[in-house]
Amino acid sequence: ARSWEIEKVPTLCPYCGTGCTIELEVVQKKGVREVIAASAPSHGGGIVNGRSLCAKGRFGMGFIHHPERLTKPLIRKNGKLIETTWEEAFSTIAKKFKDLLQAEGPDAFAFLASARTTNEENYLLNKISRAVIGTNNIDHCARLCHSASVAGLAAAFGSGAMTNPIKDIEKSDTFLVLGSNTTETHPVIAQQMIQAIKKGSQAIVIDPRKTEIAQLAQEHIQIKAGTDLAFLNSLAHVIIEEKLYNNRFVEERTENFKALAAAVAPCTPQWAAEITGLRPEQIIAVARAYSRAKKAAIYYTMGITQRFTGTYNVMAIANLALLTGHIGRPGTGVNPLRGQNNVQGACDMGALPDVYPGYQAVQDEKIRRKMASLWAVEEEKLSIRPGCTVGEMIDGAAEGTIKAMFIMGENPVLADANSSHVVKALQKLDILVVADIFLTETAELAHVVLPAASFAEKEGTFTNTERRVQSLHKAIEQRGEARPDWKILTELSCRLGYPMNYESPAEILEEINLVNSAYGGITPERLHKEGSLCWPCPSSDHPGTARLHEESFSRGKGKFHGVPYLGPAEEPCQNYPYILSTGRRLFHYHGGSMTRRGALHWAYPEEHLEMHPKDGAQEGLRTGDLVTLHSRRGAVTLPVYLTEGVAPGLVFSSFHFRESRINELTNGARDPIAKIPELKHCAVRIEKE
Ligand code: SF4
């Protein structure tokens, strides 16, 4: 483009899992291409978002050219990170990795993949971890958001993914939204919910906070934080007791009904009312509305999953869909909304400790043989032992069993629960390597930092929340010496003695087509021609699958799970009388490294603590007063904001801000199945400064 011409490069929004298509507006400045803005697709709209974008997609691109972008590798010398060459960075990593591999073995290594990098890059890191080093210690931040969905839905249906397309929202007669602040976390999906409400769909929001979507819905069920499982079990109780379930669907397409009926028999609305703080009639009304609707859907996010009982919560949601047959049809389904742009894809690519790409179990000897042959390594190189989850890696680093970590595009220091523990653990590593676009709080602790290209500077694919695989397009050159992660990983692999000679992400996708059967027909050529495809798409003539479980479930029959009610791991007490819940803000994303560098920062420059006015009066606080929040793990100081948006007894803040690092306080207690920490619930006390 000449200086006065704006070239529009179609690509994907780098933020939430909605997967909106955007156009980056590029100009030439002194011979250098520069992104000046982003806008909604001008030619007919995006397949997911039409002509809509939220504030992040529209105004959140300032980070691309931010002066704090990493442009050279950094290495720690005499305690300080200083600029170095790629040669020194790679030779340092390769030497240390080889020495440690020989001295400590493969399970002394851990790899954090990323929900913000492409499918191809996640695939390569999974390959390095397994085929080059020989460990299954690979995971990523899905562990902290939807690992409970993966475990719970896979057990019930055979697949842990969102069942229906986003566009199905408008086809529902009734939809439930559980633990999701949709207007702030998935604004374009929320817009479609609001359209559906306007057209007559009945929306019921179950949330301890009075979020915007709760206020727009016909019904807001303001449940006591951490008690969703009692509510969900009671819904199943009412549906069975009042014979509102779909008898034919239950008989023909499900199993284990008796076990569910026995488990929820004691979960009367009166019993649940005492636990949840609701009235029995509210619970009965929701059960009737959901089960009597012709087409009813459930949407949920981390209010459900970031729980000590996250997997049980998800199973209890799946029970409702199986009871009523609200699955496998338009306008129905169980729909976990993914938080980051490629969290679904990173899972699909095997960035999980127990499965290869395509959710193929590492413990299965036949699969191990197949993978060894595909990757041209000895069978024995591939470990049959499931690896560590994110939290277990951190514990391993603290205990000295994990010696080396490679972190690609993640920031556990801000995002993980109990962050002081995370910092202490990372500081104990023999070598920590971080590849990122900024010097994040985690990168600050590294021995070697590798400057990565941003989404605007590379090709590849992302998979959105509805399993839709779409292509990124390179708009500008990389900043300074930064490299796309896939190039960093191929070089690292070569240095470790396993040559990787991919010329492009398209070539890596062709290998993924062979390794992950659900992606078998999602070839670079088809993506180029057709724009996007939803998996499963097993062959070149398969149209892709917009809706799962239409004829049968991925596991055959849908399975009910009778799950007992268990409360949160940490309840308020005399010393810590409030419940702290954490989440996201409209203008920010994750650890804030992207959204706090640009216009969005000025729209929301600092964080506060939301507190109910009654609690404020009790503590002698007014909006703007500075408070220190204490939990059993740490303390954080920030201003208070009195609002009826939270229930009395509950306080809320986001985890985007390094100045008020809220995860210093959160509880690392993990769901025993999915190992997701209970980020949404811990006990705190508040002291006025
Ligand atoms: Fe980007 Fe999500 Fe906003 Fe769409 S809804 S523009 S994907 S942040």
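A residue counts as buried if 20 or more other C-beta atoms lie within 10 Å of its own, as exposed if 12 or fewer do, and as partly exposed in between, with C-beta atoms placed from the backbone. Keep that in mind as you look around this predicted model, where local features need pLDDT of at least 70, side-chain atom pairs count only at pLDDT 80 or more, and totals for chains, interfaces and linings use all residues. Residues are numbered from 1 along each chain as its sequence is written.

**Domains**
- The domain assignment of the protein gives domain 1 (7-65), domain 2 (74-143 + 342-517), domain 3 (147-337) and domain 4 (578-688); such bounds come from an automatic or database domain assignment.
- Between domain 1 and domain 4, the C-alpha centres are 31 Å apart.
- Eight residues of domain 1 are in contact with ten residues of domain 4 (in contact means that the C-beta atoms of two residues, placed from the backbone, lie within 7 Å).
- The side of domain 1 that touches domain 4 has five nonpolar, two polar and one charged residues. Here Ala, Val, Leu, Ile, Met, Phe, Trp, Tyr, Cys and Pro count as nonpolar, Asp, Glu, Lys and Arg as charged, and the others, Gly among them, as polar.

**Around the ligand**
- There are 14 residues around the ligand, and Cys-13, Cys-16, Cys-20, Cys-54 and Gly-57 come nearest (a residue is near a molecule or strand if its C-beta atom, placed from the backbone, lies within 6 Å of it).
- Sorted by class, this shell has eight nonpolar, five polar and one charged residues.
- Helix H1 (55-59) and helix H7 (187-198) each supply at least two residues of the shell. Helices (H or I, at least four residues) and strands (E, at least two) are DSSP runs, numbered from the N terminus.
- The ligand's shell lies between domain 1 (7-65) and domain 3 (147-337), because both give residues to it.

- Most residues other than glycine have a negative phi, and most peptide bonds are trans.
- Lys-30, in the loop between strand S2 (21-29) and strand S3 (32-39), has a positive phi near 50°.
- Lys-30 is exposed, because 6 other C-beta atoms lie within 10 Å.
- Asn-418 also has a positive phi, of about 55°, and belongs to the loop between helix H19 (412-415) and helix H20 (419-427).
- Asn-418 is buried, because 25 other C-beta atoms lie within 10 Å.
- From Trp-535 to Pro-536 the peptide bond is cis, with omega near 0°; Pro-536 sits in the loop between strand S21 (532-534) and strand S22 (558-559).
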